[in-house]
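Biologist: Hi! Could you walk me through this one?
Modeller: Happy to, let's look together.

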Amino acid sequence: MTDMAETAVGTDLELPESWRAVLADETAKPYFAQLAAFVAEQRAEHEVFPPAGQEFSALAATPYDKVRVLVLGQDPYHDNGQAHGMSFSVLPGTKIPPSLRNIYKELEADLGVPAPDHGYLMHWAEQGVLLLNAVLTVRAHEPNSHKAKGWEKFTDAVIKAVSDREEPCVFVLWGNYAKKKLPLIDTERHVVVQGAHPSPLSAKLFFGSKPFSQIDAALEGFGTEPIDWRIPAAGA
């Protein structure tokens, strides 16, 4: 990760510089120091994903003033080699997870964009798509194991910080968990795209929802360019 600096509380959880000032009050709260201590303890005793230093990869890839779309996930991938700090994304060379495969299927049905050969979504992130999970760490092979430890308070603050900007944004809330974040968003200023989660459990409802054309229409309504959803081939 680049452009990193220690948080105000001096923990090992390091925020990218572009987010540091806007989240300074949040990282100064007692719960954040407790969260950092919890994560450090978990890393000392268990295998934790994503690797240390990648907790804020999404924030590093998409600076605060560049966010145009916020896609909210729930929990990092919990199997080896998957999570790298961006919701739904995996590094090149990693098998594409089922939820992301379904996202690709809907993208092709919606906009005709063919599925890439990998699951690394950095091309989206660099265009202003913040791929944020609600919880930013997880114990290996134990989904939701870091739930209710403080991450949700922090990522709620991230959502609120984006909502508080003057620049409009598209918030993408897939599934009931994500939809619970709607009260954090100023829906008069921003556009919210809601739908079923792309997981195999709810894919039948996700397919046909056309979220990508909705996102692009909203961005064009803001007077900005749509997202180039075509992900370059691995190694390109």
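Biologist: Let's start with Val 129: is Val 129 buried or exposed?
Modeller: Val 129 is buried, with a relative accessible area of 0%. Here buried means under 20% relative accessible area, exposed means over 50%, and partly exposed is in between, using a 1.4 Å probe and protein chains only.

Biologist: Before we go on, what kind of model is this?
Modeller: It is a predicted model, where local features need pLDDT of at least 70, side-chain atom pairs count only at pLDDT 80 or more, and totals for chains, interfaces and linings use all residues. Residues are numbered from 1 along each chain as its sequence is written, and side-chain values use heavy atoms, leaving out hydrogens and water.

Biologist: Thanks! Where does Val 129 lie?
Modeller: Val 129 is in strand β5, residues 129-133. Strands (E, at least two residues) and helices (H or I, at least four) are DSSP runs, numbered from the N terminus.

Biologist: And what is Val 129 in contact with?
Modeller: Leaving aside neighbours within four places in sequence, Val 129 contacts Thr 62, Val 69, Val 71, Trp 124 and Ile 227. Contact means heavy atoms within 4.5 Å. Also, Val 129 and Arg 68 are 61 residues apart in sequence, yet their C-alpha atoms are 6.0 Å apart in space.

Biologist: Zooming out, how many helices and strands are there in the chain?
Modeller: The chain has ten helices and eight strands.

Biologist: How does its radius of gyration fit with a compact globule?
Modeller: The two agree, because a compact globule of 236 residues would have a radius of gyration near 18 Å and the chain has 17 Å. That radius is taken over C-alpha atoms, and the globule rule is 2.2 Å times the number of residues to the power 0.38. The C-alpha atoms fill a box of roughly 45 × 40 × 35 Å along the principal axes.

Biologist: What share of the residues is buried?
Modeller: Buried residues make up 52% of the 236 in the chain. As for contacts with a separation of 6 or more, 66% are between residues 24 or more positions apart.

Biologist: New topic: what does UniProt say about Asp 75?
Modeller: An unreviewed UniProt entry annotates Asp 75 as "active site". UniProt positions follow the numbering used here, feature names are shortened, and annotations may be inferred rather than shown by experiment. The feature "domain: Uracil-DNA glycosylase-like", also from an unreviewed entry, is placed at residues 60-219.

Biologist: Where is Asp 75 in the model, and what does it touch?
Modeller: Asp 75 is in the loop between β4 and α5. Asp 75 counts as buried, at 18% relative accessibility. Not counting residues up to four places away in sequence, Asp 75 touches Asn 133, Val 135, Thr 137, Val 138, Pro 143 and Asn 144.

Biologist: Which residue in that loop has a positive phi without being a glycine?
Modeller: Phe 88, with phi near 70°. Phe 88 is in the loop between β4 (69-73) and α5 (98-111), and Phe 88 is buried, at 8% relative accessible area.

Biologist: And Ala 148, buried or exposed?
Modeller: Ala 148 is exposed, with a relative accessible area of 63%. Ala 148 has a positive phi of about 60° although it is not a glycine, and Ala 148 lies in the loop between β6 (138-139) and α7 (151-164).

Biologist: Last one: which residues does a cis peptide bond join?
Modeller: A cis peptide bond joins Phe 49 and Pro 50, with omega about -5°. Pro 50 sits in the loop between β3 (48-49) and α4 (57-61).
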